[in-house]
Amino acid sequence: MKTILIFCCCLLLMVSCSEEQDFNQVDDLSLQPSLASSLLYFESNEDTMNAAGTGVFFSEVFTFEAFKEKFIADEVVEGTITYQIENTTSKSLGLLIEFLNEADVVLYQEPFAIEPQPTAALERQVNFGPNGESLEILRNTAKIRISATNEGDGSSQSTLTDPKLVFKSSATVVLNVE
Amino acid sequence: MKKINVLFFLVGLVFCTAQNKAVLYDFYEVPQALLLNPGVKAPYKWHAGVPLLSGFSMQAGTSGVTVNDLFANDGVDFNTKIRERAIYSMSQRDEFSLSGQLELFTVGFRGKNNPDNYYSFGMYGEGFFSQFWPQDLAILAFEGNATNIGRRFDLSHLTNQGEVVNVLHFGVNKRLDEDWTIGARAKLYSSVLEFKTKGNSGYFETTLGEQNILRNTVVADLSLETSGLQEFIDIIDEDSNTTQEDLINKFISRSLFGGNLGLGFDVGFTHNLSANTLVTGSLLDVGFIYHNNAVKNYSVTGSANNEGLEIILPEDLANFNTDLWQELVDDIEEQVDYTTDASSWVSLRPVKLYASIRHNFGNTSTKTVRRDNCGCAFNGAGSSGSSQNIDYKNAVGAQLFMINRPKGPQAALSAFYQKRLGNILALKTTYTIDKYSLSNIGLGLNFQAGPVNFYIMGDNLLGYRNVADSHYASLQFGFNILSWNDN
């Protein structure tokens, strides 16, 4: 009897119950974090525009590989780029943002026509992904070209203190990590 | 409901707990109780553990989400379960931990010239892993920063620790008089591998920018110290035909004092307050390991903020740098310095403290036992003939356990009842409260068949009704050959 008791006790310890578990559920795990960061800040005072006169006063290409980072390029499912522009100069201005690939081929461009002051600040959002531009643009962007054009003259001067063109931008990307 | 055995559970469950062996403590029919209190009553003439089978224990615990919470086949979307039951339910105080111990050999014997002394020595290997839930980092990974403008993610939530260590020990248990038994054990540690990251500080934060739309700021003082780990990683990376063999050889070599060494000690006592009431206490693993072999440490320190690329005219008209992106990356790397080094370091052992008060009662020959209640009258003239010189029929009491952990001491409080059924069976049941469970009932059984001793113990038995939903589980068992008297 004592032996039976002993084995029963052992059995209680060695055998246990569990609800049915499905460890394959881990395959369904999907994280969708949204990452946000500023992209480019561009600023030019009115004196620089006047010194250059009518026409393009700045145009440069520079490297930009944020979207080519592997963890973004592989996982991005959606993106939004936000542009904010404020012009306190006396001039009509043009601004062109171009995304280029490694071979300097333009993948995407965003032109802005900016009225002289007084004018409201401009904000524009561009979507990439299912409801917007192709995500391949982001994945292949290696450089950005920014071109700023003085559509006015080379002598006018705003009456505001420190007149200038200010361009701000940020990007939000949604990743799908599985 | 599906039947699974405990072994499957222990292998499948990654999470384990606080190294509290409440059932074994002061269960002195089992020689392994000497490892929890070198000053425990030692009623043996000699004992020898069956090599590799004398002491096996594993403990697993989670103070937060359970396996069942996440993996139950309940039709709930797995991502919903992760979000609701882990990400937004757990805090940085929640911990997953796993510990295990395997005794390689153990021997004990009573001194011939001084029968009040009981000597024991042996070797065991043990491993431990603890991961605190990195709450803010988990939320950052799950949500990202875009929807958390102004929220500061605390990097100090990153805390984990793990080790595999082999321990050679020698202890002396001495009966001073009828009321006092004391003991001490010296330990030589051979660390196979160890890693720890704790005491980190810093944060990551996204705010509205001063110039541009957003500003990302990181302030970091993070470190990870490792020893031994890199050697195993290198072998795995080689991926040769002999990888498995190389791993085993490296493990054995580092186990047998080819790694990093350390010293430590245990002390303990048992004191009879009266004929049937006694108190015990022990302090274990007071020691250190000096890591100077196969050390690789990582650190990230500094602060940086970023508002994207910046072009300001007219300053940037001359000498415009077309490699703005690399310049930004270089600036950040310069401000937040990532370094590795091989500086030696010292790790303190996780000090453990046990204490108990116990009252024996029941129909036993207390007067006789009173004389021999240390269990040390073994010089061939034991007063109880073939009995085991055990001084109780029933016992009740309370136990306290404390351990020093990365985020401060943790404690567990147990009440216990212990009973002997003849000379064959002893039983101890415990009720323990700690951070893992408020309903932890443990049970231990000790069998004595002639000179063969077998014990098996488990904790949190109520959790075994649905073991996957349990916050805590432990199992220990072993075989010994021992002599109580003149066996």
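In this predicted model, chain A contains 4 helices and 9 strands. Read from the N terminus, the elements of chain A follow the order α-β-β-α-β-α-β-β-β-β-α-β-β. Chain A is more spread out than a compact globule, because its radius of gyration is 28 Å, well over the 16 Å that the globule rule gives for 178 residues.

**Overall form of chain A**

- The C-alpha trace of chain A spans about 110 × 40 × 25 Å along its principal axes.
- Of the 178 residues in chain A, 29% are buried.
- Among contacts in chain A between residues at least 6 apart in sequence, 85% link residues at least 24 apart.

**The antiparallel sheet of chain A**

- An open sheet of 4 strands is present in chain A, in the order E3-E8-E5-E6, with antiparallel pairing.
- Strands E3 and E6 of chain A are the edge strands of this sheet, each pairing on one side only.
- On average, neighbouring strands of the sheet are turned by 10° against each other, direction ignored.
- Strands E5(A) and E6(A) run antiparallel and are joined by 8 bridges.
- A:Leu96 has A:Pro111, in E6(A), as its bridge partner.
- In general terms, the strands of a sheet pair through backbone hydrogen bonds, either parallel or antiparallel.

**Contact between chains A and B**

- The two chains meet through 46 residues of chain A and 56 residues of chain B.
- On the side of chain B that touches chain A, strand E14 (residues 309-313) of chain B gives the most, with 5 residues.
- By class, that side of chain B comprises 31 nonpolar, 17 polar and 8 charged residues.
- Strand pairing also crosses between the chains: E2(A) and E14(B) run parallel and are joined by 5 bridges.
- A:Ser44 stands opposite B:Leu313, which lies in E14(B).

**Nonpolar cores**

- The largest nonpolar core has 35 residues, and A:Leu40, A:Leu95, A:Ile144 and A:Ala148 have the most contacts inside it.
- At least two residues of this core are supplied by each of E2, E3 (55-63), E4 (76-87), E5 (93-100), E8 (143-150) and E9 (164-175) of chain A, and by E14 of chain B.
- E2(A) provides the largest share of this core, 6 residues.
- A second, separate core has 25 residues, including B:Val23, B:Tyr25, B:Val30 and B:Leu36.
- Leaving aside neighbours within four places in sequence, A:Leu95 is in contact with A:Ile85, A:Phe112, A:Ile114, A:Ala148 and A:Phe167.

**The loop residue A:Leu29**

- A:Leu29 lies in the loop between strand E1 (15-18) and strand E2 (34-45) of chain A.
- A:Leu29 is classed as partly exposed because 13 other C-beta atoms lie within 10 Å, a count that falls between the limits of 12 or fewer for exposed and 20 or more for buried.
- Although 148 residues separate A:Leu29 from A:Val177 in sequence, their C-alpha atoms are 8.3 Å apart in space.
- Apart from neighbours within four places in sequence, A:Leu29 is in contact with A:Glu178 in chain A and with B:Phe78, B:Asn79 and B:Ile82 in chain B.

**Backbone features in loops**

- Most residues other than glycine have a negative phi, and most peptide bonds are trans.
- The peptide bond from A:Gln117 to A:Pro118 is cis, with omega near 0°, and A:Pro118 sits in the loop between strand E6 (106-114) and strand E7 (122-128) of chain A.
- A cis peptide bond also leads from B:Leu313 to B:Pro314, with omega near 15°; B:Pro314 belongs to the loop between E14 and helix H7 (324-335) of chain B.
- B:Asn319, likewise in the loop between E14 and H7 of chain B, has a positive phi near 55°.
- B:Asn319 counts as exposed because it has 6 C-beta neighbours inside 10 Å.
- B:Leu52 has a positive phi near 70° and is placed in the loop between strand E2 (46-49) and strand E3 (56-62) of chain B.
- With 13 C-beta neighbours inside 10 Å, B:Leu52 is therefore partly exposed.

Note on methods:
Residues are numbered from 1 along each chain as its sequence is written. Chains are lettered from A and ligands numbered from 1 in the order in which they are written. This is a predicted model: local features need pLDDT of at least 70, side-chain atom pairs count only at pLDDT 80 or more; totals for chains, interfaces and linings use all residues. Two residues are in contact if their C-beta atoms, placed from the backbone, lie within 7 Å. The radius of gyration is taken over C-alpha atoms; the globule rule is 2.2 Å times the number of residues to the power 0.38. Ala, Val, Leu, Ile, Met, Phe, Trp, Tyr, Cys and Pro count as nonpolar, Asp, Glu, Lys and Arg as charged, and the others, Gly among them, as polar. Two strands pair if DSSP finds at least two bridges between them. A nonpolar core is a set of buried Ala, Val, Leu, Ile, Met, Phe, Trp, Tyr and Cys residues joined through C-beta atoms within 7 Å. Axes are lines fitted to C-alpha atoms, for helices over the stretch in contact, and angles run from 0 to 180 degrees between N-to-C directions.
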